[in-house]
Amino acid sequence: MSPKTAEIEGPLGEAMGVLRAHGSTQHDAAGYILRLLLLKMLSDTADGSSSSRGTRFVVPPSARWSRLLGISAVDLGDCINNACAVLEEVNPSLDRLLTKADFNSIELGRQVLHELVHTLSSLPPLREALVLNGHLGEAADAFLHRLAETSGRGVGLYYTPPSMARLLAELLAPSDGMRLYDPVCGVGGFLLESARWVASHTEMSLPRAAASLVLHGHERNAEQWALCRINLLLHGISDANVKLGDALWSPFTGAAGKLLEYDRILADPPWGAREWGAERAAEDAFGRFDPVPPAHGADYAFVQHCLASLSEQGMAALLMPRGVLFRGGGEEHIRGKLLQEDRFEAIIGLPRNILYETPIAPVVLILRRGKSTDRRGRVLFVDASHLGTTKARRRVLSRDDIHWVGRIFREFDGDKRYACAVPLDEIAKANWNLNVELYVKSDEASAPFDLEARLNAIAAVEAQREAAARHMDAAIGRLRRLYPFDS
């Protein structure tokens with residue numbers, strides 16, 4: 001981390017501490033702090049010297065940060081709400097981004113808001129150089145990452161660990177001029193990482209790299225949609241088209257009413273989403289759902305949507321639960337059809353405890369509409385379950401781990417201990433089962449073993465450990481109530 005980034009991240013961490021000390025949730029913290037950060041960035045850029053390239057946004061005097069510092073705690077909430085409303089009124093592209101949060105809410109509190117604003121006032125001027133050099137974006141990333149790491153369950157619904165975003169970008173290797181899409185973009189991590197990949201392989205800054213791409217995203221949660229767009233702005237990206245709505249039922253379409261097609265699609269869809277619209281899928285105007293996935297889970301509905309949204313040479317990388325590899329019934333029917341159409345290019349098995357929301361080991365599906373000649377009729381299976389290091393009870397892939405997976409995928413026939421390209425007729429004999437362990441046999445295993453039994457045993461131990469931790473926390477809580485003391 002650069003000194004400039006640390007100079008920004010410090011006050012952001014202090015601001016998060018202010019909110020948490022008063023009981024705010026991670027969603028509140030992200031919403032309040034990112035909006036105030038954007039307000040300060042716009043104000044500081046507008047207050048910049050005449051040598052600055054300027055800003056695309058109009059910032060009236062009543063919305064300037066300097067004005068907030070002279071306002072009493074009693075009136076500060078109203079003043080910030082008014083500043084947000086004014087900014088949206090004179091900048092249509094900011095519509096609904098700032099005013100969704102009420103800075104005069106009882107839950108936030110006047111004194112807390114006053115302390116929050118003065119804490120963020122210790123930030124350096126957030127002008128164009130900090131954005132173009134990536135320092136403000138890096139600090140925003142670090143803030144969101146820290147928030148996710150310390151906020152418990154629920155955060156995984158909108159924020160995927162950074163190493164997963166890096167992995168998908170490594171596998172897809174986007175280049176400038178491409179059209180990219182994330183149908184469930186949360187706060188925009190996958191879109192940002194795609195632009196960052198292009199920037200790292202060219203001489204461009206992150207904002208310029210993003211401008212060289214067509215970035216589209218969907219987000220059905222209104223608050224996360226707003227935070228995604230704010231997060232992109234903090235990274236200097238203003239041209240991304242992030243749509244508020246359900247990707248399955250309000251997809252991007254072109255002038256002729258056809259689905260827009262993309263060169264790269266990367267996503268972490270909601271696992272097992274129910275009530276996704278199965279009852280109307282057979283009449284889908286774009287013919288995406290054939291066969292129709294089961295009503296109790298939308299996993300394959302997202303697979304079908306992404307495949308239908310790919311260009312002829314496009315690629316998709318989806319982070320999915322392992323059940324999509326072997327579940328029977330309607331999903332087996334869909335899986336068999338897609339395999340016969342040669343849509344699966346690779347299946348990559350990842351370690352357990354690598355996501356925020358679940359300890360379950362996910363998989364990456366690499367999908368294509370048109371494979372290269374040398375890869376047709378085969379699926380690459382990669383066992384990456386041994387990768388990563390444990391940090392705070394969670395697995396994290398290093399950059400070397402990510403490069404290793406990328407190299408195996410590019411070679412398509414890498415280290416036989418961990419990868420194997422399997423012909424489709426062999427997969428057909430296994431009833432279209434795509435479990436990685438069926439095809440990748442570790443040389444280290446000298447005797448056969450019951451994989452399912454091993455996984456069940458591990459899950460049982462995990463459950464016992466969680467129960468012991470809860471018991472210990474409860475015991476400590478009782479001791480503190482019985483024997484209070486001053487620290």
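What follows is a chat about the sheet in this predicted model.

Trainee: How many strands does the open sheet have, and in what order do they come?
Mentor: The open sheet has nine strands, running in the order β3-β2-β1-β4-β5-β7-β6-β8-β11, and the pairing among them is mixed.

Trainee: Which strands stand at the edges?
Mentor: Those are β3 (241-244) and β11 (419-423), each of which has a single partner strand, so one side of each is left without a neighbour in the sheet. As for the twist, it averages 15° from one strand to the next.

Trainee: What packs on the sheet, touching β2 and β3?
Mentor: That is helix α11, residues 222-234, which touches β2 (214-219) and β3, and its direction makes about 170° with that of β3.

Trainee: Switching to β5, is that strand mostly covered or mostly open?
Mentor: Strand β5, spanning residues 310-321, is mostly covered, with 10 of its 12 residues buried.

Trainee: And in what sense does β5 pair with β4?
Mentor: Strand β4 (residues 262-267) pairs with β5 in the parallel sense, over five bridges. Within that pairing, I265 has A316 of β5 as its bridge partner, while A267 stands opposite L318 in β5.

Trainee: What about β5 and β7, parallel or antiparallel?
Mentor: There the sense is antiparallel, with seven bridges joining β5 to strand β7, which covers residues 362-368.

Trainee: Through what do strands of a sheet pair in general?
Mentor: They pair through backbone hydrogen bonds, and the arrangement can be either parallel or antiparallel.

Conventions:
Residues numbered from 1 in each chain as written. Predicted model: local features only at pLDDT ≥ 70, side-chain atom pairs only at ≥ 80, totals over all residues. Heavy atoms only, no water. Buried < 20%, exposed > 50% of the residue type's maximum accessible area, 1.4 Å probe, protein only. Helix = DSSP H or I, 4+ residues; strand = E, 2+ residues; numbered from the N terminus. Pairing = 2+ DSSP bridges. Axes fitted to C-alpha atoms, helices over the stretch in contact; angles between N-to-C directions. Contact = heavy atoms within 4.5 Å.
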